[in-house]
Amino acid sequence: MKEYMYIIRGGDDVATMKSPEEMQQHMQEWQKWMGGMAEKGQFVGGQPLVMEAKSLIEGGSKVIDRPLAEGKELIAGYLIVKANTLEEATEMAKGCPGFEHNCTIEVREIKPME
Amino acid sequence: MVAVLVNIFGTENVELAEDVVQDALVNALETWKFLGIPDNPKAWLYRVAKNKAIDIIRRKKHSRNFDFSDPQKQLLTSEYTLVTTMENYWQESYISDEFLGLMYACCHPEISRENQITFTLKTLCGFSTREIARAFLTSEDTISKRIYRAREFFRKNKIRPEIPAAEEVVLRTSAVLGTIYLIFNEGYNSTHSDRLIREDLIFQSMHLCRSLLENKKTRLPEVYALMALMCFHASRNDSRLTPEGEVIVLSGQDRSTWNKEMITLANDYLNKAAFGEKITTYHLEAAIAYEHCVAKNFKDINWKAILGYYDTLLSISFDPVVCLNRCVAVLEWEGPAKAMEAIQELADNRQIHKYYLYHAVLGELYKRLGVKEKATQCFEKAIELTHSNQEKRFLKTKIDEL
């Protein structure tokens, strides 16, 4: 088994339009999806991220008060899962409720360094 | 609430669970003083405890003491699922299961009986260390050590608070019932305090037993039997002491003060206990208690039936206290000479010789046979061995009556 990261982008503009009840329902979907992975021993960790950010650019000499990418490209959160192949990890990602909010998910293997 | 939190934090963090509940209660007292009691106090308390638990998880999830390896618990580590998972733990339908699960953990067979009792009183019944120390005439230090040892045991063996699987439930329940019965006994006839009857311990033990009855998985015949037994005994509480708190013996008790509703309830439980394949000692003790409770007067007691039950009890397993109690039945049914013969069986039993009632009974036998000197000796020995001032005074009057 290898570890993969899901980089989840976007979805924030859709989320802010939803009512509290709809959001609660939405989080139940996350519960189901992540719970399913946890049951199978596939879940390692994951967190949603706050929109506000600071970014360091120009060789670390400059700090700007915003994330590097906004809107659809804004990273909303990440998950770390276990799978045997990139294909398998990608298949598992299809169940992410974030897609209802037009998120995108980039699936990357955690790199074992020599 | 403690049970739910122990389920979340793990049995190695029982103290933390207790702290959260305590904080929630203090919080409630302080807030309600000004705002009045809310419409749904339980929901209020749950909400406060839930929020504190979420706080603690956020702060401590990387701490060594927390084990989040369980698939359901893993979801507590992610903000995506922390709040929803926490809500799920507090579903009403789970709470009784958790209370029972914690009871089974507290009464784990590999924990010593004393530690089981201590842990049960502390964690399930909310007794303070000092209250437990007072109940069992030990120091707070001893009690703290017992609690520490129990916690270490939970931590090392990763004990999960849960109702045992069907194939284990009878054996594990037997341990739980034993502990409940010991707590009841201490409440019924406290040998350690100035109050002979401790209603708080009686109440707690009956509450624990009733919880077992509320869950299908743990609703065993012997649980009904123990419940019946405790109800029969407790029904007579009002008649057992004078207003000044002195002992009144069975023959002198005012039966009109016996709690008839409780006797009816006990009867009901006894009937419900009559399913299943075996008779347990609780069934027989309940049957004996039944005979006492239904007799109109002392002279109407069916000693023959009671003697039969004692014989059956002893055939299941020999217990010196049961044997002693049987001697009393022999005394009433067949007279002091026969009783004296019967009590010889305990002549070499070193364990029973440390028990004050053995000497009290022997004293009573000598008294009825007219052997005053021996009777006095026995009663004096009994006085030495009991810690209860009321019992001591009662025994002194026995000597004075000689």
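**Exercise 1.** Determine where Lys158(B) is found, and decide whether Lys158(B) is buried or exposed.

*Solution.* Step 1: Lys158(B) lies in the loop between helix H9 (140–157) and helix H10 (166–188) of chain B; helices (H or I, at least four residues) and strands (E, at least two) are DSSP runs, numbered from the N terminus. Step 2: although Lys158(B) is not a glycine, its phi is positive, about 45°. Step 3: a residue is buried if 20 or more other C-beta atoms lie within 10 Å of its own, exposed if 12 or fewer, and partly exposed in between, with C-beta atoms placed from the backbone. Because 11 other C-beta atoms lie within 10 Å, Lys158(B) is exposed.

The model is predicted: local features need pLDDT of at least 70 and side-chain atom pairs count only at pLDDT 80 or more, while totals for chains, interfaces and linings use all residues. Residues are numbered from 1 along each chain as its sequence is written, and chains are lettered from A and ligands numbered from 1 in the order in which they are written.

**Exercise 2.** Carry out the corresponding analysis for Glu58(A).

*Solution.* Step 1: Glu58(A) has a positive phi of about 50° and is not a glycine. Step 2: its place is the loop between strand E3 (55–57) and strand E4 (62–64) of chain A. Step 3: Glu58(A) counts as exposed because it has 8 C-beta neighbours inside 10 Å.

**Exercise 3.** Describe the secondary structure, extent and contacts of chain B.

*Solution.* Step 1: chain B contains 21 helices and zero strands. Step 2: the C-alpha trace of chain B spans about 80 × 45 × 45 Å along its principal axes. Step 3: 38% of the 402 residues of chain B count as buried. Step 4: two residues are in contact if their C-beta atoms, placed from the backbone, lie within 7 Å. Of the contacts in chain B between residues at least 6 apart in sequence, 59% join residues at least 24 apart.

**Exercise 4.** Which order do the strands of the open sheet in chain A have?

*Solution.* Step 1: two strands pair if DSSP finds at least two bridges between them. Strand E1 (residues 2–9) and strand E5 (residues 75–83) of chain A run antiparallel and are joined by eight bridges; here Met5(A) has Ile80(A) as its bridge partner. Step 2: five bridges join strand E2 (residues 43–48) of chain A to E5(A), again antiparallel, and Gln47(A) is partnered by Tyr78(A). Step 3: E1(A) also pairs with E6(A) over six bridges in the antiparallel sense, with Met5(A) opposite Arg108(A). Step 4: the four strands form an open sheet in the order E2-E5-E1-E6. Its edge strands, each pairing on one side only, are E2 and strand E6 (104–109) of chain A.
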